[in-house]
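This report looks at salt bridges and at one helix packing. The chain is shown first.

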Amino acid sequence: MGKEADAVKILVIEDSESVASMIGMFFSKEGIDGTFIMDGDAGYREAMTGEYDCLIIDWMLPGMDGVTICRKVREAGQDLPIIMLTAKTAEEDQVTGLETGADDYVTKPFSPAALLARIRAVTRRYGKQTQPEEDGLIRTRHFLINEKTREVRLDGEPLAGLTPKEFDLLAHFARHPKQVFSREQLIESVWGYGFYGDDRTVDVHVKRLRSKTESSRRQFFHTVWGVGYRFEETDG
């Protein structure tokens, strides 16, 4: 990892010894300072100390459940990344976790590398990275986005024809993979507070991005009904 990564402190609230052990071994290998608690009530008290850069919380816990911990931490004004671990695969359950304040979720079973990728994504949003990245570059499985030159490569090939706002929207999604955004949140982040248009402009821009990037074999921009959109690179 790097010197900056060594400073990252992560609290993991997880009652499965095998899952906690797996994460702990990977954290040790990557130079991440991890604290592990197996009870929801004790985990909540530790989370409220404000000593951590990121929380990883299992949904189902003895004592206080993960969703309640997440909600109470947010109600207390704690501003730090939160990732939910869950065996629940139904979209409505995942949305529930996000709506209570989680930044992302990881569905069990998962690989440590996949969890680390999520940690990097959410900590980047809060201004703390677990690994130095090339300045101005956003890398995903299919995209390479250069925010300085405003160039995009899709599967290694230049992607031309994006409008400025389409580029900004794509970059925003790519910085926050799998995070669900409402139309209002996207307008605030991409268009800014001074925008007075209809929030349906988000739908138009997502539709254009789909037409310019997706095919019958791959999808990037997913509609979360009743909420908004999320970016996830899926191959069909």
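In which hand, right-handed or left-handed, does α3 cross α4? The crossing of α3 past α4 is right-handed, where right-handed means that the near helix is turned clockwise from the far one by less than a right angle, and left-handed that it is turned anticlockwise. The model is predicted, so that local features need pLDDT of at least 70 and side-chain atom pairs count only at pLDDT 80 or more, while totals for chains, interfaces and linings use all residues. Residues are numbered from 1 along each chain as its sequence is written, and side-chain values use heavy atoms, with hydrogens and water left out.

**Helix packing**

Helix α3 (residues 40-47) packs with helix α4 (residues 66-75) at an angle of about 20°, and their axes are 10 Å apart. This makes α3 roughly parallel to α4, a term for angles under 35 degrees. The axes are lines fitted to C-alpha atoms over the stretch in contact, and angles run from 0 to 180 degrees between N-to-C directions. Helices are DSSP runs (H or I, at least four residues), as are strands (E, at least two), numbered from the N terminus.

On the α3 side, Gly-40, Tyr-44 and Ala-47 meet Ile-69, Lys-72 and Val-73 of α4; contact means heavy atoms within 4.5 Å. The residues of this contact are four nonpolar, one polar and one charged. Here Ala, Val, Leu, Ile, Met, Phe, Trp, Tyr, Cys and Pro count as nonpolar, Asp, Glu, Lys and Arg as charged, and the others, Gly among them, as polar.

**Salt bridges**

The whole structure holds 12 salt bridges, each a side-chain nitrogen of Lys or Arg within 4 Å of a carboxyl oxygen of Asp or Glu.

| Pair | N to O distance |
|---|---|
| Arg-118 and Asp-104 | 3.5 Å |
| Asp-168 and Arg-150 | 2.9 Å |
| Lys-178 and Glu-232 | 3.3 Å |

Lys-178 is partly exposed at 22% relative accessibility, whereas Glu-232 is buried at 16% relative accessible area. Buried means under 20% relative accessible area, exposed over 50%, and partly exposed in between (1.4 Å probe, protein chains only).

Arg-118 and Asp-104 are both buried. Asp-168 is partly exposed, with a relative accessible area of 23%, and Arg-150 is also partly exposed, at 41%.

Technical notes
Parallel < 35°, antiparallel > 145°, perpendicular 65-115°, else oblique.
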